[in-house]
Amino acid sequence: MQKGEISINEAFTESKFRLFKTYCEEQQLFYLKDIDREVIEKFAEVKGIGGVKMAAIIERLAGPVGNLQLELLDSSALKKK
């Protein structure tokens with residue numbers, strides 16, 4: 001199985017990612033390949049999402065199960081609460 005074909009639910013199993021998984025379901029995003037910079041930037045604007053949660057999501061996406069490159073995401077430009 002290629003990395004992009006891994007489901008978001010499989011890649012983000014911990015409870016700390018609950019809001020991100022819910023957001024993805026609402027946006028009808030089901031696989032890692034569906035997540036791009038625009039998705040991350042829009043999620044960063046959701047109420048209750050701060051820098052720590054965003055960093056964890058970006059780290060997971062850039063890690064071994066990810067399909068995004070870290071340099072695609074400028075975490076300093078994302079909304080911090």
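This is a predicted model: local features need pLDDT of at least 70, side-chain atom pairs count only at pLDDT 80 or more; totals for chains, interfaces and linings use all residues.
Residues are numbered from 1 along each chain as its sequence is written, and side-chain values use heavy atoms, leaving out hydrogens and water.

Here are the two helices (DSSP runs of H or I, at least four residues, numbered from the N terminus).

| Helix | Residues | Contact residues |
|---|---|---|
| H2 | 18-26 | Leu19, Phe20 and Tyr23 |
| H3 | 37-44 | Val39, Ile40, Lys42 and Phe43 |

The axes of H2 and H3 (lines fitted to C-alpha atoms over the stretch in contact, with angles from 0 to 180 degrees between N-to-C directions) come within 11 Å and cross at roughly 120 degrees. That makes H2 oblique to H3, oblique being whatever is left after under 35 (roughly parallel), over 145 (roughly antiparallel) and 65 to 115 degrees (roughly perpendicular). Contact in the table means heavy atoms within 4.5 Å. Its residues split into six nonpolar, no polar and one charged, with Lys counted as charged and Leu, Phe, Tyr, Val and Ile as nonpolar.

Now the rings. There are four aromatic pairs in the structure (ring centres within 6.5 Å; planes under 30 degrees apart are stacked, over 60 edge-to-face, the rest tilted). Tyr23 and Phe43 have ring centres 5.2 Å apart and planes at 55 degrees, so this pair is tilted. Tyr23 sits in H2 and Phe43 in H3, 20 residues apart. Both are buried (under 20% relative accessible area, 1.4 Å probe, protein chains only). Ring pairs also join Phe12, Phe17, Phe20, Tyr23 and Phe43 into a cluster.

Methods. Rings of Phe, Tyr and Trp (its six-membered ring) pair if their centres lie within 6.5 Å; planes under 30 degrees apart count as stacked, over 60 as edge-to-face and the rest as tilted. Buried means under 20% relative accessible area, exposed over 50%, partly exposed in between (1.4 Å probe, protein chains only).
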